[in-house]
Amino acid sequence: IFHGVNGDAAVSMLRCDGEKFAYGEFDGHQVVLVPYAGGEFYMAVVLPEKSASPAAALAAVIDHFGECSEAPVSLTMPAIELSTKFNAMEILPGLGLEGISNGDMLFGKIVDNAAIRLTQFVHASVLKVTEAGTEAAAATGVTGTKNGGAIFVDLEHSMVCNRPYAMAIVHASTGAVLFASTVKDVPAN
């Protein structure tokens, strides 16, 4: 049973007993780092202490992944498929990029001596975790105008977690987070 924000659901769970993974506990949050084949990337699974949100727990422990040490771990988590799509135009001002949407920011290396005003900036992503592994994909679509014309750019990037938790796919050598998600509810099987 997954005890989600919107109620309990009977779900398929994945379980791995006794494997050695990098493991740590930081301020009551449990962290397991599951490596991908080749060792270049890993999936960080973060189970927050019960009074914390998954997003807050991920933010609190993300700088501590390097402090995790190898230990035998029993990890149980739901088999899931997550997808999201959102209008990224709404978050640009919070990132200090309000000039992109109002035309104040120039893209001189793309178009000579011209301001390009973005008219649409949509991001979508999918993450699937099953017994066969993890699949993740993301796509960003951007449209803009310059003197009445339009441009389009499309970029592609190819514990017992029975309550809300967080995950991140991380580049092992740099610590760069390629994908992060919180799981608050899982649909019943």
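**Pocket lining and open sheet in a predicted model**

Author: In this predicted model, the lining of the second largest pocket is made up of 12 nonpolar, three polar and two charged residues.

Reader: What makes a residue part of the lining of the second largest pocket, and which residues are the closest to its centre?

Author: A lining residue has an atom within 4 Å of a grid point of the pocket; 17 residues line the second largest pocket, whose space is about 310 Å³, and Leu14, Val34, Met43, Val129 and Thr130 are the closest to its centre.

Reader: Which strands each supply at least two residues of that lining, and which gives the most?

Author: Strands E3 (13-26), E4 (29-35), E6 (69-78), E8 (117-130) and E9 (133-146) each supply at least two, and E3 gives the most, with four residues.

Reader: Why are E6 and E12 said to stand at the edges of the sheet?

Author: Six strands form an open, antiparallel sheet in the order E6-E3-E4-E5-E11-E12; E6 and E12 (177-183) each have a single partner strand, so one side of each is left without a neighbour in the sheet. Neighbouring strands of this sheet are turned by 30 degrees against each other on average, direction ignored.

Reader: How do you know that E11 and E12 count as paired?

Author: Pairing requires at least two bridges between two strands, and E11 (residues 165-171) and E12 are joined in the antiparallel sense over six bridges, so they count as a pair. Val170 stands opposite Val177 in E12.

Reader: Where does helix H1 lie?

Author: Helix H1 (residues 54-61) lies across E3, E4, E5 (41-47), E11 and E12, and runs at about 35 degrees to E11.

How values were computed: Residues numbered from 1 in each chain as written. Predicted model: local features only at pLDDT ≥ 70, side-chain atom pairs only at ≥ 80, totals over all residues. Heavy atoms only, no water. 1 Å grid on protein atoms, 1.4 Å probe; cavity = no way out; pocket = protein on both sides within 12 Å on 5 of 7 lines; lining within 4 Å. Points joined across faces, edges and corners; volume = space filled by probe spheres on them. Nonpolar A, V, L, I, M, F, W, Y, C, P; charged D, E, K, R; others polar. Axes fitted to C-alpha atoms, helices over the stretch in contact; angles between N-to-C directions. Contact = heavy atoms within 4.5 Å.
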